[in-house]
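Subject: Structure handover

Hello,

Here is the structure I promised you. Please open it first, then read on.

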Amino acid sequence: MMSVSLFSSLPPWPEGRSSYPGPQVVRQPVDPDLDALKSGDEAAFEALIGRYHGPMMRLAMSYLRDRGAAEDAVQETWLTCLRTLNKFEGRSALKTWVFGILLNIARSRHRKESRILPFASLFRRDGGEGRGPTVDQRRFGSDGLWSAPPDSWSNVPESKLLGRETIDQVKAAIEALPAKQREVVILRDVAGFDADEVCGLLSISAANQRVRLHRGRASVRKALEEYLK
Amino acid sequence: MTCREVVELMTDYLDGALSAADRARFDQHMQGCDGCRAYLAELRTARMLMGRVGSEPVPEPLKAELMNAFRNWKSS
């Protein structure tokens, strides 16, 4: 597992060691993107901003009210990255570092927005860590087995399943999630981070991460089931 | 394990977070349950579709501004 501690001042070897343990113990993550950026490779920077743009926008939009505000947050993130790139030592993955900066910026702007629009936050549901069942209990018999099992989607034509309209449904379903589920779902399933990276980015436990992800995915599946039936 | 229990373990299963004993009971249930297999396939499809939500081009004005900032950073 790669360290995801973003601004840690700890040395890059396990705690408790008082001295440098030798090169064979320290994992030096090889990150071609980071090397290319530091060497001033414009094509690499352009490819990187292109690759991260969609997931960054989705994450920013989950905190900020509109596309313009989200785009500003993405822009400020990259400008912050450039300002601090020389100090970044690669202890976390470059992608984790970039998204960590975006999270800080988007959350801080969201707090400012909430102060300006004090009622806005009242309309945002949460409950991302609830423990109730994620599937309508009426779909199971008293024996706990399916009485109304899900229809397989294998008969849905691929053109429909992968079509623009389905993707729009998925986007809407993600946006409708409670904030705590939404940020985990976006980081895991939209941006493609692994579980450890998401726990580090959001400072949550592995179990908490899985509960939020499970509830979020179950809601998106349910929205798709309703749309595809 | 019942279907009601199995559906709530699917994210743990996909993340490899089930204990060996739970994993064995989960696998045993899945082998004989079309409904739970369909549910797991749908969760996987939902995950795959969410991966497609993220592709979005950088608007030209933003790209121009960021490339300019990168060139300034490079020359500083």
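Start with one term. A residue is buried under 20% relative accessible area, exposed over 50%, and partly exposed in between, using a 1.4 Å probe and protein chains only. By that rule R109(A), at 27% relative accessibility, counts as partly exposed.

Now the ground rules. This is a predicted model, in which local features need pLDDT of at least 70 and side-chain atom pairs count only at pLDDT 80 or more, while totals for chains, interfaces and linings use all residues. Residues are numbered from 1 along each chain as its sequence is written, chains are lettered from A and ligands numbered from 1 in the order in which they are written, and side-chain values use heavy atoms, with hydrogens and water left out.

Chain A

Chain A has nine helices and zero strands. Helices (H or I, at least four residues) and strands (E, at least two) are DSSP runs, numbered from the N terminus. Of its 229 residues, 47% count as buried. Contact means heavy atoms within 4.5 Å. Take the contacts in chain A between residues at least 6 apart in sequence: 71% of them join residues at least 24 apart.

Back to R109(A). This residue is found in helix α4 (residues 94-116) of chain A. Leaving aside neighbours within four places in sequence, R109(A) is in contact with L64(A), A69(A), D72(A), A73(A) and E76(A). T96(A) is 13 residues from R109(A) in sequence and 20 Å away in space, C-alpha to C-alpha.

Most residues other than glycine have a negative phi. S203(A) is not a glycine, yet has a positive phi of about 55°. Its place is in the loop between α8 (195-202) and α9 (206-228) of chain A. S203(A) counts as exposed, at 67% relative accessibility.

Salt bridges

Side chains of opposite charge can pair when their charged atoms come close. A salt bridge here is a side-chain nitrogen of Lys or Arg within 4 Å of a carboxyl oxygen of Asp or Glu.

E183(A) pairs with R107(A) in a salt bridge, with the closest N and O atoms 3.4 Å apart. E183(A) is in helix α7 (residues 179-190) and R107(A) in helix α4 of chain A, 76 residues apart, and the pair links distant parts of the chain. E183(A) counts as buried at 8% relative accessibility. R107(A) counts as partly exposed at 25%.

R217(A) and D189(A) also form a salt bridge (2.8 Å, N to O). R217(A) lies in α9 and D189(A) in α7 of chain A, so the pair ties together parts 28 residues apart in sequence. Both residues are buried.

E60(B) is exposed, at 53% relative accessible area.

Where the chains meet

How many residues of chain B are in contact with chain A? The number is 43, and they meet 60 residues of chain A. The area buried between the chains is about 4500 Å², of which carbon and sulfur atoms give 66%. (Buried area is the accessible area, 1.4 Å probe, that two parts lose on being put together, summed over both.) R4(B), M50(B) and W73(B) supply 16% of the area that chain B buries against chain A, more than any other three residues.

Eight salt bridges run between chain B and chain A. The side chains of D12(B) and R210(A) meet in a salt bridge (3.1 Å, N to O). A network of salt bridges links R58(A), R67(A), E175(A) and E56(B).

E225(A) lies in helix α9 of chain A. E225(A) is buried, with a relative accessible area of 14%. Not counting residues up to four places away in sequence, E225(A) touches R139(A), P150(A), W153(A) and E42(B).

Best wishes
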